[in-house]
Each structure stands twice: as structure tokens, then as C-alpha cells.
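The stops below go from one selection to the next.

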Amino acid sequence: IPPKLSDRTRVQSWAVILAALTNQDRRTCTLVSRTFRYAVYLSATHILTQKYHGRRLNQIMKHYPQRTTNMWPYLRQRQNEVAFWRHAFRNSWVGRYISSFGIDPLSARLWASADDEKQVVVALRFILTRLWFTLSVGTNEQDPSAWLKHTVEDAREVVKGEIWAITIRDGNSLSEFYVLESTCEVIGRALNAHQLEVYSSGLRADWSRYILSHTSVSAGPRNLISEDLRWANYEEYDRGISRHWLRRISGEGDVGISKKVVAERYVLACVLTNSISGPWMTSNQMAQEFAGLSSQVTVVAVRGGAPKINLYLPAHHHVESVHFTTPKSVPLHPALAVIQTPTREYIVLKDNGMQVGCEEDGVANVWMYVLGCDKNGIAVVRSK
């Protein structure tokens with residue numbers, strides 16, 4: 001029951017104070033009077049404003065009056081969401097490895113996905129890809145693990161469903177990187193990024209043009225990054241994936257959808273390096289260089305200004321099929337999938353499509369240790 005009108009003038013002030021108390025203390029305060037009970041009722045709005053401020057909350061606030069709406073159900077939903085992601089990460093192989101550094105890899109704002117529900121997903125995928133590059137490629141730092149100790153401060157969607165801007169905090173300095181959503185591979189950095197990072201190149205002209213064409217007010221009908229992909233044998237492969245296999249998995253429901261997503265991530269992870277970063281090259285130049293032929297890398301004049309994106313996928317990375325089990329139907333480690341290409345099998349991470357092993361050598365030793373699996377990619381239980 002709401003308090004008398006004469007008492008309501010103090011309710012908001014009490015609500016602000018009560019927002020700082022524990023749940024148990026607030027529960028006790030509800031027994032004091034109707035004024036306190038109503039203040040506790042309204043304190044959820046102030047807790048949301050303090051801990052979950054962002055675009056998502058602003059959209060809710062626009063539709064519901066703050067002085068009369070019970071925001072506790074929404075607050076509980078947001079709290080449960082944060083608890084779910086923290087628990088899932090803490091119990092994952094990535095979380096167990098990162099926890100050895102004694103840091104929280106994401107800011108509180110990112111755990112809460114303040115602006116976009118996908119923020120925490122993309123941020124955690126970036127951590128995974130950052131770990132992959134550190135272990136599989138190496139860094140320019142004297143301490144190889146230095147970059148893993150930086151906190152991901154923010155994640156902002158730049159081009160819907162394709163490109164994000166990731167902000168990293170190292171002490172008091174902030175660095176911003178542009179990444180692909182599906183693999184979180186860096187395509188460039190903002191001018192304030194450190195030169196000694198794994199990725200030191202700025203945002204290339206073709207990527208700048210692509211982002212501008214999709215974010216400007218005058219942007220016309222948008223094309224997708226996948227439309228800039230080039231591959232061999234268009235008759236049998238659709239964007240580097242077997243057409244026959246795509247038809248076959250169309251009847252597998254959610255499992256088929258998951259396999260297709262992994263295949264698409266693998267394709268984007270396997271385009272030649274100059275497709276994503278480094279000196280700009282045409283698809284023909286990349287194909288010639290990959291084949292060992294002479295290919296002089298020069299800046300080609302492009303009609304209409306900046307060059308366009310060229311993503312080139314070598315034929316031996318075409319996807320014939322994707323599997324989540326071994327040939328004997330034994331489930332693989334939950335983080336792994338097997339990609340069958342025309343020439344061999346590759347063992348990859350499901351979440352970004354990047355390789356951690358192949359059929360001849362199995363999973364690399366470092367990844368067996370980090371993931372907790374054997375050479376075949378099957379999870380193993382470690383003795384404590």
C-alpha cells in the first residue's frame with residue numbers, strides 16, 4: 001500500500017539511501033512503515049541506475065514510469081544474467097587459464113552487457129582469440145602473457161553483426177581495436193593503441209571505407225563482408241563451404257545450424273593474412289603469392305577512391321563437413337570441432353574457428369594442456 005501523499009515527498013530520498021544497503025537490511029526496513037516499504041519498492045530503480053546504466057536500461061526507462069513501476073523483477077533478471085556469465089566463464093577452460101593471472105578479464109560494465117546483450121559474448125570471444133594468438137603465434141612483448149593481463153573495458157558494435165570496437169585497459173591507458181564479430185580477429189587499431197601490441201597496424205583504407213559506408217547517415221543498401229570473399233570452384237562451394245554438405249545438414253535442426261556457424265567462422269579465420277591486415281592486396285595477388293608465383297605488392301589505383309576489401313580463401317581450406325564427434329562417435333571436447341577439408345582434417349576452436357591441431361599431429365601439446373584433452377580432441381579428467 002503506498003504511503004500518504006504527504007509522506008511521498010521523502011520517498012525518493014529514502015530510496016536512494018536504501019539502494020546502498022544489503023537485501024537483508026532492505027527486507028528489515030520494509031517492516032518499519034509504509035513509507036519505508038514504498039522506498040524499498042522504488043530503490044530497485046536506483047540500483048539499476050548505479051550498476052547497470054547503459055542503452056539497455058535507458059530503453060526500459062523510456063517505456064515505464066520510474067516512480068510507479070516495480071523494477072525488482074528486471075533488476076533480478078540483470079543480476080541473474082551477470083551471475084550466469086561469470087559462472088560460465090569461471091568454469092570454462094578459458095576462465096580456468098585466465099584465473100591463474102589473478103585478474104578480472106572484463107569490466108563490471110561488460111559483465112552486465114550495459115548497452116547490448118551481445119557485449120559479453122563478443123568480449124569473451126576476444127579474450128579467447130587473444131589467448132589463441134598468444135599461445136599459437138606469440139607476441140612482441142618481453143612477457144608473452146602481458147597482453148592477457150589487460151582488462152577488456154568496453155565492446156561497442158560498429159557494423160551490425162560484423163565489426164566491433166574493443167577497448168582494453170592497461171593501467172591508466174586505454175587502447176581501442178576493431179575486430180570481426182565472428183572470430184574477434186583484429187582488423188586494425190585506433191590511433192591510441194600501443195605500438196608494441198600483437199597487432200600494431202592501423203585501420204587499413206579498405207576497412208575504413210567499409211565501416212564508413214555502413215555507418216554514415218547517407219549509407220545506402222549494405223553488403224556483407226562475406227560478399228567480398230573469393231574462393232575457387234563456385235559450382236560446388238558456397239562461400240568456401242560444400243553446397244552438398246549444407247543441403248545435408250539443413251535437416252539437422254539446431255545441431256546443423258551450429259555446424260554451419262563453425263564452418264563460417266573457420267572460413268573467415270583461414271582467409272590469407274593480407275585479407276584482414278598487413279599491406280592491402282587484390283585477391284589475384286594473394287592467390288599468386290600463395291602459389292609461390294611472383295606477385296609485386298603495390299598500391300593499386302582503384303576507381304572511386306579507397307580500395308575495397310578482398311578476402312581470399314585458399315582451396316585447401318574449403319569446408320567439406322564439420323563434426324562434433326570422432327569417427328567412432330565419441331564426443332569431442334565441448335570447445336572443439338573437426339573440419340574436413342579436401343586434403344586433411346583440422347581440429348579447431350568452435351568459438352572462433354581457429355586451428356589447434358590437425359589429423360596427422362593431433363591437438364598441439366600446449367592446447368592439450370590448456371583445454372584438458374588428448375591428442376584426438378577428447379576431453380580428459382585431470383587428477384587433482
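Select Gln 119 first: at 1% relative accessibility it is buried (buried means under 20% relative accessible area, exposed over 50%, partly exposed in between, with a 1.4 Å probe and protein chains only). The model is a predicted one, in which local features need pLDDT of at least 70 and side-chain atom pairs count only at pLDDT 80 or more, while totals for chains, interfaces and linings use all residues. Residues are numbered from 1 along each chain as its sequence is written, and side-chain values use heavy atoms, with hydrogens and water left out.

Gln 119 belongs to helix H8, residues 119-136 (helices, H or I, of at least four residues and strands, E, of at least two are DSSP runs numbered from the N terminus). Show its surroundings: not counting residues up to four places away in sequence, Gln 119 touches Leu 110, Ser 113, Ala 114, Asp 154, Ala 155 and Trp 164 (contact means heavy atoms within 4.5 Å). A polar atom of the Gln 119 side chain lies 3.1 Å from the backbone nitrogen of Ala 114.

Next, select Leu 110, which sits in helix H7 and is buried at a relative accessible area of 0%. Apart from neighbours within four places in sequence, Leu 110 is in contact with Gln 119, Val 120, Ala 123, Val 152, Glu 153, Asp 154 and Ala 155.

Move on to Ser 113, in the loop between H7 and H8. Its phi is near 45°, a positive value in a residue other than glycine. Ser 113 is buried, at 0% relative accessibility. For another positive phi, select Arg 239, where the angle is about 50° although the residue is not a glycine. Arg 239 lies in the loop between strand E6 (237-238) and strand E7 (241-242), and is partly exposed at 34%.

**Salt bridges**

How many salt bridges does the structure hold? There are 12 (a salt bridge is a side-chain nitrogen of Lys or Arg within 4 Å of a carboxyl oxygen of Asp or Glu). Select Asp 115 and Arg 109: they form one of them, with the closest N and O atoms 2.3 Å apart. Asp 115 is buried, with a relative accessible area of 17%, and Arg 109 is partly exposed, at 27%.

Now select Lys 118 and Glu 157, whose side chains meet in a salt bridge at 3.5 Å, N to O. Lys 118 lies in the loop between helix H7 (108-111) and H8, and Glu 157 in strand E1 (residues 151-159), so the pair ties together parts that are 39 residues apart in sequence. Both ends are partly exposed: Lys 118 at 31% and Glu 157 at 24%.

In the pair Glu 176 and Arg 156, the side chains meet at 3.2 Å, N to O. Glu 176 is buried, at 18%, whereas Arg 156 is partly exposed, at 38%. To see a network of salt bridges, select Arg 56, Glu 81 and Glu 117 together.

**Helix H3**

Select residues 34-51, which are helix H3. Its 18 residues should span 26 Å at 1.5 Å a residue, and the end C-alpha atoms are 26 Å apart, which agrees (the expected span is 1.5 Å times one less than the number of residues). Where is H3 kinked? The kink, of about 35°, is centred on Leu 42 (the bend at a residue is the angle between axes fitted to the seven residues ending there and the seven starting there). The buried residues of H3 include Phe 36, Tyr 38, Leu 42, Ile 47 and Leu 48. Among the elements that cover the buried residues of H3 are helix H1 (11-18), helix H2 (23-29), helix H4 (55-63) and helix H5 (72-90).

**Nonpolar cores**

Finish with the largest nonpolar core, of 55 residues, in which Trp 93, Leu 106, Phe 126, Leu 349 and Trp 367 touch the most other members (a nonpolar core is a set of buried Ala, Val, Leu, Ile, Met, Phe, Trp, Tyr and Cys residues joined through side-chain atoms within 4.5 Å). H8 supplies the largest share of this core, 10 residues. Another core lies apart from it, with 37 residues, among them Ile 225, Leu 313, Val 322 and Val 348.

Conventions. Polar contact = N/O pair within 3.5 Å; in protein donor to acceptor, adjacent residues only side chain to side chain.
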